[in-house]
Structures are given as C-alpha cells and as structure tokens.
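Here are my notes for you on this one. Keep the structure open while you read, and find each residue as it comes up.

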Amino acid sequence: MAGFQDIIGQEQICEHLQTALKLQKVSHAYIINGERNSGKKYIARIFAMALQCTGEGEKPCQVCRSCRQALSENHPDIIRITHEKPNSIGVEDIRTQVNNDMGIKPYQGPYKVYLIEEAEKMTVQAQNALLKTLEEPPEYGVIILMTSSLEALLPTIQSRCVLLNMRPVRDELVQKYLMEQLQVPDYRAKLCTAFARGNIGQAKLLASSEDFDRVREEAVTLLKYINEMEITELAAAVRKITEYQLDMTDYLDILSVWYRDVLMFKAMNDANHLIFREEIQYIKRVADRSSYEGLEKILDALEKAKARLRANVSFELTMELLFLTIQENT
C-alpha cells in the first residue's frame with residue numbers, strides 16, 4: 001500500500017479526504033460507493049492510515065510507528081468489522097464491534113476508525129443499531145462504510161454520512177497501469193481494460209487470471225451458436241464455466257460486452273470500436289436479425305441475472321431465464 005498519490009482516477013475523492021485532513025474537518029461517517037473490486041477498500045485503508053499518522057508533512061507518511069502498524073493491519077485503533085454469517089452483517093456484529101467498542105477511547109491514535117466492508121450486507125436491524133451511534137458519535141469516532149449497492153442502505157444511514165462515489169477510471173489510465181505497474185503485455189492489457197469498463201481492480205484481476213482467456217473463448221463460442229442450442233445444452237455449458245476460477249459476474253460481463261458490441265454495430269455499422277471486432281461476421285449476423293428493443297431487453301436481463309445471483313437465487317433458474325430471454329430476442 002502507498003499513499004493518496006497512488007490512487008488512480010479518483011481525484012475527487014482524494015481531494016475531499018486530503019482537504020478534510022488538512023483542515024481537520026473529518027466527518028464521523030463516510031460511505032464509499034462503487035463497483036465490486038473498484039478500490040473502495042484501498043482508499044478506506046489509506047484514509048484510515050492517514051487519520052492515525054503521526055509523521056510530518058503529507059499524510060500518510062508510511063514510516064511512522066502508526067503507519068507501519070496500519071500497513072501490517074495491526075493498528076489497535078483501526079477496526080475491521082467481521083461477521084459470523086457469510087452473507088449478512090447482523091445486529092450483534094454492529095453492537096459488539098462498533099457501538100460497545102466505540103465507548104472505549106482510542107488506545108494510541110487520535111481516532112478510532114471502523115471499516116465496514118460490504119456494508120450492503122447489514123441487516124435492517126444492524127443498520128438501525130448503527131444509526132444510534134451515527135446520531136451521537138464520540139469526538140474520536142470515524143466509521144467508513146464500503147458498498148457496491150448504495151440503495152441497500154437505509155436513507156437515514158445515508159443522510160448521516162459523507163457520500164463518496166467511485167468514478168469509472170479512464171481506459172488509458174487503466175491500460176497504462178496494467179502495462180507499467182504489472183508488466184501486462186499490450187494486447188492483453190487492452191482486452192482486460194475493455195472488459196473492466198473503468199474498474200481498475202477488476203482489470204487487475206482479469207489480467208492476473210489464468211482462466212480469463214479460456215472462459216472468454218468458451219463464452220464467445222456459446223454466443224455464436226446460442227440460437228441452435230437447447231436450454232439443457234446451455235445450462236451444461238455454463239456449469240462447465242463454474243469450474244474455472246472466475247466469478248460468474250465476470251462471465252456475465254463478457255456476455256454483456258458482446259451484446260453491447262452488437263448494439264453498437266447495429267447503430268453505427270462500424271467495427272473499429274468493438275471489443276469483439278475479430279468476431280465481426282457473427283456480430284453483424286446477430287445485429288441484422290435483432291431489434292434495438294430486443295438487445296436492450298437482453299442487456300437488462302443480464303443485469304437482472306447479476307442481481308439474482310448476488311441475492312442467492314438458484315443458479316440454474318437464473319441462467320435458464322437469461323438464456324430464454326436471449327433466445328427470444330435474437
């Protein structure tokens with residue numbers, strides 16, 4: 001981990017947090033809202049480290065005792081909230097790790113900083129418990145909520161926090177990062193950048209995934225022949241994909257990029273800006289036989305499928321509904 005200068009493409013958030021530090025006008029609660037893998041945790045940890053930094057000049061200095069403790073995740077006043085249930089942050093998690101703990105003054109730093117990842121997993125009861133602390137926080141308390149689903153947080157929670165929205169990072173910055181910092185070859189950096197759509201963490205994951213190229217090839221093969229396949233064949237093909245070390249959301253993103261390409265080609269009749277331009281003959285074929293309304297329905301169905309999988313709806317049912325929508329509209 002480094003400092004604010006190493007956060008790529010989130011200048012507005014960095015400026016806000018650095019100004020708060022310099023003017024000593026730190027809020028008691030922040031929400032960092034952004035896509036999965038977009039760097040929310042990275043920003044939160046840098047800000048937490050900066051809040052506790054005892055060095056001179058730019059914060060975090062990364063060399064003082066406090067910074068070293070933060071870097072090793074061993075700072076007594078930076079608390080990462082854990083939860084017993086995998087997909088739920090319960091009321092007891094909040095009461096014991098935040099509400100009760102915040103009553104104890106910091107051990108060594110000026111603040112007690114609470115980092116709550118995947119805050120959308122808080123139950124309504126947990127959010128209401130947190131609300132009590134947000135309404136009357138002690139002077140030293142700072143809570144940082146990280147979420148990829150802002151709408152899952154109660155309006156009363158949102159109204160008491162400073163909202164920091166992550167923005168898509170420009171493609172040229174993502175590609176430069178992959179090539180210069182991770183030594184990813186030019187052609188692969190372009191491909192991963194295209195699929196990440198402004199999400200630098202996602203681009204990094206794809207670039208380091210051994211399975212990404214193979215999954216992409218199998219997804220393209222399925223899309224080429226989807227209208228000739230039975231639902232059982234499609235389901236079997238996707239079950240095979242789950243054997244790879246790649247999140248199903250990433251797989252659905254590949255399908256989304258394909259249909260965005262189809263939509264773009266249908267509208268512009270130009271292959272130059274397509275991600276799958278090497279598959280232009282198939283892209284053209286789908287574009288010719290599909291309506292704009294049908295393609296929009298497919299893209300909407302893909303987003304619904306992601307939401308269903310996040311909500312733990314049956315994988316088989318989710319994919320079956322998706323493929324039926326694709327077949328009906330192409």
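This is a predicted model: local features need pLDDT of at least 70, side-chain atom pairs count only at pLDDT 80 or more; totals for chains, interfaces and linings use all residues.

**Notes on the model**

1. Now step back for the overall picture. The chain has 330 residues, and 50% of them count as buried. You'll find 15 helices and five strands in the chain. Its C-alpha atoms fill a box of roughly 65 × 45 × 35 Å along the principal axes. Among contacts in the chain with a separation of 6 or more, 71% come from residues 24 or more positions apart. The accessible surface is about 16900 Å², and carbon and sulfur atoms own 48% of that.

2. Back to charges. Side chains of opposite charge can pair when their charged atoms come close. How many salt bridges are there? The count comes to 18. One of them joins Asp253 and Lys306, whose closest N and O atoms are 2.4 Å apart. Because Asp253 is in helix α12 (residues 248-268) and Lys306 is in helix α14 (residues 292-310), the pair ties together parts 53 residues apart in sequence. Asp253 and Lys306 are both buried. Salt bridges with shared partners also join Arg197, Asp253, Glu303 and Lys306 into one network.

3. Compare that with Glu118 and Lys121, another salt bridge, where the closest N and O atoms are 3.2 Å apart. Glu118 is partly exposed, because its relative accessibility is 37%. Lys121, at 18%, counts as buried.

4. What about disulfides? Searching the whole structure turns up zero of them. As for Cys192, it is buried, with a relative accessible area of 0%.

5. Val313, Leu317 and Leu321 make a nonpolar patch of about 220 Å². Leu321 sits in helix α15 and is partly exposed, at 36% relative accessibility.

6. Last stop: Asn329, in the segment after α15 (315-328). Is Asn329 buried or exposed? Asn329 counts as buried, because its relative accessibility is 16%. Apart from neighbours within four places in sequence, Asn329 contacts Ser290, Gly294, Lys297 and Ile298.

Terms used:
Residues are numbered from 1 along each chain as its sequence is written. Side-chain values use heavy atoms; hydrogens and water are left out. A disulfide is a pair of cysteine sulfur atoms within 2.5 Å. Buried means under 20% relative accessible area, exposed over 50%, partly exposed in between (1.4 Å probe, protein chains only). Helices (H or I, at least four residues) and strands (E, at least two) are DSSP runs, numbered from the N terminus. Contact means heavy atoms within 4.5 Å. Patches are made of residues with over 30% relative accessible area and no salt bridge: like charges are joined within 9 Å, nonpolar side chains (Val, Leu, Ile, Met, Phe, Trp, Tyr) within 5 Å. Accessible areas come from the Shrake-Rupley method with a 1.4 Å probe; for residues, only the protein chains shown count as cover. A salt bridge is a side-chain nitrogen of Lys or Arg within 4 Å of a carboxyl oxygen of Asp or Glu.
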